[in-house]
Amino acid sequence: MKPSAFEYFTPATVTEAIGLLERYGEEAKVLAGGQSLIPMMNFRVARPKVLVDINQVKDLDYIREEKDELVIGGLTRERAVEVSPLVQKKCPILSEAISYIGHLPIRTRGTMGGSLVHADPTAEIPVVVSALEGKMKVAGPSGERLLGADEFFVTYLTSALDPLEILVEVRIPTLPPNTGWSFMEFNRRYGDFGIVSVAALLFMGDKERCQKASLALGGVGPTPLRTRKAEKLLAGQVITDALIAKAGIQASQETEPESDYHASAEYRRNLARVFTQRSLTEAWNKVKGGK
Amino acid sequence: MPEIPRKWVGKSMKRKEDLRLLAGRGNFMDDIRLPNMKQAAILRSPYAHAWIKGIDISKALESPGVLGILTGAEVAKMSQPFPVGVSAPPKYYCCAVDKVRFVGEPVAVVVADNRYLAEDALDLIEVEYDPLPVVVDIEEAIKPGAPILHENIGSNIYNHRFFKYGDMEKACREADLVVKGKFKFPKYGSTPIETYGVIASYNPFSDEYVVYNNYQGPFVNHSLVAIALGIPENKMRWIVPADIGGGFGTKTGMYPYVALITLGAKKIGGTVKWIEDRREHLLASATGTDRVTYMEAAVKKDGTILGLKDKAIDNTGGYIRPPEPGCAYRSTGNHTGAYQIRNLDREVLVVGTNKCLTAPNRGYGCQELYFSLERLVDMVAAQLGMDPAEIRFKNFIQANQFPYTTATGGVYDAGDYPKAFQMALDMIDYKKIREEQKKARAEGRLMGIGLSSVVDPSVTNIAYVTIGKTVEERRQERPKSGSGESAVVKVDPLGGVHVMVCTNPQGQGHETVISQIVADEFGIDPKDVTVSNVVDTHDRLYSITTGSFSSRFASQGTTAVVRAARQVKEKMLKIAAHMLEANVEDMVLQEGKVFVKGSPEKSIRLRHVAGVAHWDQSALPEGMDAGLFGASLYSMPTSQPPDELDRVNSSNTYGFVAEAIVVEVEPETGQVKFLKWASVHDAGTIINPMIVEGQVMGSLVHALGGTLYEEFAYDENGQCLTASFQDYLVPTAMEVPKVEIGHLETPSPLTALGSKGTGEACSMSVPVAIGNAIADALAPLGVAIDELPLGPNKIWDLIQKSKKKK
Amino acid sequence: MKIEGTYTFSAPQARVWEVLNTPKHLQEALPGCEKLEEREPGKFDVYLKIGIAAVKGSYKGKMEIADAEPPHRTRLIGEGKGLPGFVKGEALIQLTPQDQNTLISYQGDVQVGGLLAGVGQRMIGGVAKMLLEHFFKNMEKILKLAG
C-alpha cells in the first residue's frame, strides 16, 4: 500500500519543529525513526497531511550521566542505548529491555522518544521507564515541562504529549548498588510484539531485606502497569521463593488484560503470574550472586 | 533408459542462479519496465458477505492521474466466469459483480499514472453495501438455514461425492475394534516473499495481448483466462519471467488478477502493471483449504488395519476455482498412505464459506489427509496398547511389493518403507528415548515422541481433477489425463549447448540441475550449458501441465530434458557415423567427443558435429534437418484417466517421508520445545544433494509454521484477523530447531534418472508428527490433540481443561 | 467482537434515562461526534471523527435507539463508514437503580471492517472499551451540569 499525500518538512532545530507543529496543528505528525509511523501511513490507517521530520534536528541525540540519572536525548537511536557502555553499566535493565525490540535493523532507526510517544501497550521502553520511574521532558509552544511515567502514559497509543509538543529528553534514575533487576518478555516469535513483559527491580540498599520493589508489566492493559500491591508484598521483606510466588499471584490479580487473537485475557493473566515469578527470581539471583 | 556414466548428477554443485540473485540482478516481475506503463490499484470489499447495491465512481474518475476504472458490472460484460470442474459451479468472475463473498474480494480496479494516485482514487469510490449474514464455520455452512453464498447453486456445497473401494462393511465385521476420530486442519498458506504481479498490454491495433505474470507456469490458467476473456489462446501471449520469488502452489490457483488487469489494459488500450502488496496477499490471494475430517479405522487386535472410512469436508471459501476441487482428489492414489489397506469408504464434500479463496498449498491435500490418518494410527496404537512404531511396521507395504497398486488406483513406483522408517527411529535412538520419557514422566515432565510415515506423491496426473465428477458425468465429457513437461535442447553453430524449458522455477534451482544433467549426457562441463527457463506461450513448447507444481520438476521435468538431450545425442551419433563412414550402432559420445567404440583416437568433437550441422548443411545425411536440436513434451504413461470404479493414479512418482520428533511441553506456558528431530526422505535418485537439503528444510519449516504458528484467522463476522505479518506468524530462522536429515534412495523406474519429487515432503509429514508428539506429551493428562495450529495459548487451555476434569 | 461491562452514574435512573434519550446530550457525549441529526424518531444520521493518536478517521453513519423500555433498558444500534473502514455495533443497555446512583450494564457486539480490522486486531477490543468509557464519562459530566 502507498501512503496518502503529505507535505514534508525537515526542521533543523526544536524551535523550528515546534513552529511547524503550531502552524499545522492536528494535521501534522512528527517523524523520528518511522518504525511505527511509516507502516501505519503505508496502511493508510494514519493519514497525516504534514510530516515534520526531526531526524535533522541537532542536539537531540545524546546519552550522559548527571548525578544519579541517565539523561538521553529524544532522538537517540534504540541501538545506541542498547550497546552504550554507560547504559550497560549504570542501567542495564534498559539495555536488556531494548534488545527485545523487534530486530536489529529496526533498533538502528527507532528512537527513545519515538517509542515513548507512540506508547504501544506492549512496547518495552515504556515498561522499563515505568518501572524506573523515569521522567520525560517535553517541549512545546509554551515552554518545557517534565512528566513522570505515571502521568505520561495515558492509554493505547496515547501519551500525555500535547499535539504541539515534542519529547526532547528522557531522564532515568541509574540503578543504586545492590539492586537486582530483570526484564523478560513472552512472545510467539523472536522479535514479535510482546504478549506479556515484566520489568522487575529489587532495591536492597545495604540491607538483608528488600527496601523497595518495582514491578511493571506490559501487554496487560492500555499502558504499562505498576503492580503496586505486589510491590508492597515485597517491600521490607526477606525475599524467598515462596514470597516471590505470592507476588506473582498478586501481580496477576492486579491485571485486567484484554483478549486478542494471540492470547486470551486468562492466558495473559497466567503469563503475568509466571513471568513475574521468573523475573523476580532472576532479579533475586542477581542480588545473591552479587550481580 | 540406457545408463551413462554420471559425473555431475549426484553432486552438490553450487547453484548457478545464486550469484545473480544475491547481487540483485535477478529478473523478477517488478524489474520489468515497459514503455507507457500505468499502474493499477484494486478496491476490495470490507464485508465478508454483502449485496453491492451501487458503485459511484464519478469522483474517482476526476482524481488526478486516473485513466480508467472498471467495476464488476463492466467486467461481467467483458468476460465470462471461469470454468471449474464441478457440475454446479458458482459464477466466479475476476471481480465481484452483484455480491461480495469474502473480505478482500475485488470490487473495482483503478488504472492511473502511478500506484499512489491509483490508491488515492480508491478512496473516492463510493460503494453501497447491503450486509448479509456471514458463515465461516465449515460444518455450520452445510447446516440447513446457513447463509447461502451462491443463489444459483442453492447450497454451500460445491462438490459432493461418495467412493467405495474394496469392502469396508466386511472389514468392519472382521475387525476386533473400530477407532474413530474427528480432525480439523487449519487454513494456512505459503506467503511467498514475492507477491503476485501482472503486467498486461493490449494493442487495439492488432487486437492482441501480452501478459506478464508470475504464475507457476502456463499450467491450465493460460487457457482458462483466455476462455474467460473470450480470446483465442494464441492472441494472448503469456510470459513468466525467469525469476519468481517463491510460489509453493499459491501461484497455481486460478486467481482473478491476470484476467482483471488484462481487462484494465483493454479498457485503456495500453499497458497496466499491478503488484500485489502484502496486505492484499494475506486478504485475498490463496491459501490451502481448511478441512474437517471424520475418520475411522477397522482394526484387528494385532494392529492390522483392515479398512478406513472417512468423510472429509474441504473449505474453498467464497468461491471454488481451479484447480479445486483438487484439494480433495489430488491425494486419491495415495489415500491409504504407506499401508496395505484394501478397503476404503470415502465421502467428499467441498464447501464454501465467507473466507478467502484457495489454491494448492505445498503438500496439497496430503497435509490434511495425513493429519487425520497418522493421528488415527497413533490413536489406534494407544487403544491397542501397541507402540506407534510397531503398528506402522505391521501395516507397511513391503519392499518386495513394488510397483504397488493401491485400492484407489495409485501406482507406487518404488520404495522401502520399513527401512526408511527404521532409519528415522535409529537417528533419534528410539528405544533410549522411550526410556528417557519414562524417567521424565516420573518427574512430572511432559515429554512426547511423535512419529509419522507418509507417501509423498509427485508429478500430478491431471486426470485426478475429473474424479470430482461421477462416472456418468465423466462419460459425457472428454477425459483428462497427462503430466507432460517440455524441454528443448539445442546446440548452436559454435557448439554451445542451450536448454529451453518452461518449468518455471520459483527457487528450486532448475538451471543448476538441468546443467548437471545435460553435462552428463554430453560429457561436458555444467558451466558450459546455458539454460533459459521462461514461460512464453508464443516462443516455447508447452501444454496445460507444464509449469512447476506438485514437485514435478525433479522427475518429470528432468525426464523431458534427458529425452530432448538424447534426441540431440542420437542425431550427433548419426552425423558422426556419416562423417566417419561407420555404423551408428558402433558410435559412442563421451567427454564431449563422438567416436567409434574402441577407437577413441579417431573422435570428432561435439563442436565439430555442430559445425557440420550448421555450417555445411549439405554434408548431413540425406533427408536430415539442418541444425542440432531435440524437443520433448513428455507425459508419463502412468498418467491415465480414472476408470469406471473411480480409481486413478493421481500422481506418477511416489516418495516416502518418515519423521521422528521428540518434544517437551512446558505446562506453565504451553510452549513446545524440540529436543530431537529426525526426518528421513526417499525421493529416489538425488540429483543435487545440497538443493535437496534446501528443499527438505524449506518444507519442514513451512510445515512447522502451519503446525504451531500460521493460520488465516477470521472472526465470526468474516473479518480477517491476520492481514499483516504482525499477526500471520511465519516462522523465522530463530524458531527453527535442530534437525537431522536422513536419505534413502529407491530409484523410480519411471524417470530418466530414477528421481522423484521432493519439494513438498515435510509439509505432509511434519504437522501430524508434531501433533503426535504433543499428544504423546500430554497423554498422561488425558488431553486429545485433533486440531492445529497448536500455539501456546491453545495448549495451555487444553491443559487447564484437563486439570478441571480431574 | 463481544463487549460488555458496567458503569455507575451518580444520578438517579430517570435522569440518566432522560439524558440517554436526548439527541443534544447524545451528541455531546459521543466521542468525536460532530453532527447528530434525527431523521425519524429514534433514527439518527451521525458524523464522527474518532481516533487514537495518529490513527484518526471520519465516519459517516446512522444510529438507532430501539426496543426502548423506559427507564429500564434500550438497544443502541449504530454503523459508520469511513476511509479506515466501517464500524458496526449493537449494544443492549440496562439501567438499574442503586440508591441514589444508577448502574449501567451493557452487552453488545462490535464489528470492525476494512483497513483497521486487518492490522488493528491487537487493540480493537481495548480501544472499543476505552471509547465506551469515554462516552460514559462524558455523560457523567452532562449529568452533573444538567443538575
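**Helix 20 of chain B and its surroundings**

In this predicted model, helix 19 (residues 689-709) of chain B and helix 20 (residues 761-778) of chain B have axes that come within 8 Å and cross at roughly 45°. Helix 19 of chain B is therefore oblique to helix 20 of chain B. The crossing of these two helices is right-handed. On the side of helix 19 of chain B, the contact is made by B:Val696, B:Ser699, B:Leu700, B:Ala703, B:Leu704, B:Thr707 and B:Leu708. Helix 20 of chain B contributes B:Ala761, B:Cys762, B:Ser763, B:Val766, B:Pro767, B:Ile770 and B:Ile774. Sorted by class, the contact of helix 19 of chain B with helix 20 of chain B has eleven nonpolar residues, three polar residues and no charged residues.

Helix 20 of chain B also packs with helix 11 (residues 366-384) of chain B, where the axes come within 8 Å and cross at roughly 35°. This crossing, too, is right-handed. From helix 11 of chain B the contact takes B:Cys366, B:Gln367, B:Tyr370, B:Phe371, B:Glu374, B:Arg375 and B:Asp378. Facing them on helix 20 of chain B are B:Ser763, B:Met764, B:Pro767, B:Val768, B:Gly771, B:Asn772 and B:Ala775. The contact of helix 11 of chain B with helix 20 of chain B divides into seven nonpolar, four polar and three charged residues. B:Ser763 and B:Pro767 are listed in the contact with helix 19 of chain B and again in the contact with helix 11 of chain B.

**Contacts between chains**

Chain B meets chain A through 32 residues of chain B and 27 residues of chain A. About 2,600 Å² is buried between chain B and chain A, and carbon and sulfur atoms give 54% of that area. Within chain B, the residues that lose the most area to chain A are B:Glu668, B:Asn793 and B:Trp796, which together account for 21% of what that side buries. Seven salt bridges are found across the interface of chain B and chain A. A salt bridge links B:Glu666 and A:Arg278, with the closest N and O atoms 3.3 Å apart.

Chain A is also in contact with chain C, with 22 residues of chain A and 17 residues of chain C taking part. The area buried between chain A and chain C is about 1,700 Å², and carbon and sulfur atoms give 67% of it. Between chain A and chain C the count is three salt bridges. C:Lys129 and A:Glu258 form a salt bridge through their side chains, at 3.2 Å from N to O.

**Backbone geometry**

In chain B, a cis peptide bond joins B:Pro322 and B:Pro323, with omega about 0°. B:Pro323 is in the loop between strand 14 (305-315) and helix 10 (326-329) of chain B. A cis peptide bond also joins B:Phe402 and B:Pro403, where omega is about -5°. The loop that holds B:Pro403 runs between helix 12 (388-395) and strand 16 (404-405) of chain B.

In chain A, A:Lys67 is not a glycine but has a positive phi of about 55°. A:Lys67 is located in the loop between strand 4 (63-66) and strand 5 (69-73) of chain A.

Definitions and conventions. Residues numbered from 1 in each chain as written. Chains lettered and ligands numbered in written order. Predicted model: local features only at pLDDT ≥ 70, side-chain atom pairs only at ≥ 80, totals over all residues. Heavy atoms only, no water. Axes fitted to C-alpha atoms, helices over the stretch in contact; angles between N-to-C directions. Helix = DSSP H or I, 4+ residues; strand = E, 2+ residues; numbered from the N terminus. Parallel < 35°, antiparallel > 145°, perpendicular 65-115°, else oblique. Left-handed = near helix turned anticlockwise from the far one by under 90°. Contact = heavy atoms within 4.5 Å. Nonpolar A, V, L, I, M, F, W, Y, C, P; charged D, E, K, R; others polar. Buried area = accessible area lost by both parts, 1.4 Å probe. Salt bridge = Lys/Arg side-chain N within 4 Å of Asp/Glu carboxyl O.
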